[in-house]
Amino acid sequence: MDGLTLALTKGRLAGRTIDLFIRAGVVREEMREILNEASRRLVFSSEEPNLSFFMAKAQDVPTYVDYGAADVGIAGKDTLLEEERNLYEVLDLGFGACRLVVAGREETRDRLRHGNNLRVATKYPHIALDYFGRKKQQTVEIVRLNGSVELAPIIGLADVIVDIVETGSTLAENDLCILEEITPLSARMVVNRASMKMQRVHIAELITKLRNALEKRDGTEVELR
Ligand code: PRP
């Protein structure tokens, strides 16, 4: 097969991904309009040769790439850590920067440091289990939630949460704070293992274009200061 299929993450990352692709000359400006106008449309073809795109839910992007339905994926590092797929992570795109943390009420800090049997609510059960079980050697009970995780320590469902913090305003507005930091996060480009060999030339070209655009932007920012 000649040409690349790219899986993009719907939602917050989509706009930033298209911005970068336009800056890098991977797609034309019209692509943004197509995206905006047809917000329910899932599959797009670029006018550029050899590229097609589709939009998927964050957690599904690594799955599509792992199975080879997409050669390349753009996904948050949080999703990649949680899904534990066997992919090549080739580029840090810089945007979508945030942190994965353990958060809760300030008074939980001591128990969190020393105690066992804490209950942890999260959208990221694998990451949470790895952090507490393997890194901290603490026994915890994980409760999987699908959103608004900050509710859990307020309502009394869990002692702490493992979640993403970007601006910190959701925590602050709910009288919660960061108790431990697990890892910084940002959007990454990932590649299917077979595609890396079969589509070597196209993928190398895409990486070079994106990397140049990222470096150019960084350079411009430095000049403007
Ligand atoms: C994410 C995350 C936090 C919030 C953090 O949730 O789970 O709740 O953003 O952002 P902040 O530090 O800028 O306040 P999201 O908005 O994706 O919604 P969800 O909780 O329903 O998953």
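In this predicted model, a residue counts as near a molecule if one of its heavy atoms lies within 4 Å of it.

Q: Which residues come nearest to the ligand?
A: The ligand sits in the largest pocket. There are 13 residues around the ligand. Those that come nearest are Arg12, Lys123, Glu150, Thr167 and Thr170.

Q: What percentage of the ligand's accessible area does the protein cover?
A: Oxygen atoms of the ligand lie 2.5 Å from a polar side-chain atom of Arg12 and 2.6 Å from a polar side-chain atom of Glu150. A polar backbone atom of Gly168 is 2.7 Å from an oxygen atom of the ligand. Of the 490 Å² of accessible area that the ligand has on its own, the protein covers 72%.

Q: Which element supplies the largest share of the shell around the ligand?
A: By class, this shell has 2 nonpolar, 6 polar and 5 charged residues. At least two residues of the shell come from each of helix H8 (169–173) and strand E9 (160–165). The largest share, 3 residues, is supplied by E9.

Q: Is Glu84 buried or exposed?
A: Glu84 is in the loop between helix H4 (77–83) and strand E5 (88–92). Although Glu84 is not a glycine, its phi is positive, at about 50°. The relative accessible area of Glu84 is 56%, and the cut-off for this class is over 50%. Glu84 is therefore exposed.

Q: What is the relative accessible area of Ser148?
A: Ser148 belongs to the loop between strand E8 (140–144) and helix H7 (151–155). Ser148 is not a glycine, yet has a positive phi of about 45°. Ser148 is exposed, and its relative accessible area is 54%.

How values were computed
Residues are numbered from 1 along each chain as its sequence is written. This is a predicted model: local features need pLDDT of at least 70, side-chain atom pairs count only at pLDDT 80 or more; totals for chains, interfaces and linings use all residues. Side-chain values use heavy atoms; hydrogens and water are left out. A polar contact is a pair of N or O atoms within 3.5 Å; within protein, one must be able to donate a hydrogen and the other to accept it, and residues adjacent in sequence count only if both atoms are side-chain atoms. Accessible areas come from the Shrake-Rupley method with a 1.4 Å probe; for residues, only the protein chains shown count as cover. On a 1 Å grid over the protein atoms alone, a cavity is a set of points where a 1.4 Å probe fits but cannot get out, and a pocket is an open set with protein on both sides within 12 Å along at least five of seven lines; lining residues have an atom within 4 Å of a point. A molecule sits in a cavity or pocket if more than half of its atoms lie within 2 Å of its grid points. Helices (H or I, at least four residues) and strands (E, at least two) are DSSP runs, numbered from the N terminus. Ala, Val, Leu, Ile, Met, Phe, Trp, Tyr, Cys and Pro count as nonpolar, Asp, Glu, Lys and Arg as charged, and the others, Gly among them, as polar. Buried means under 20% relative accessible area, exposed over 50%, partly exposed in between (1.4 Å probe, protein chains only).
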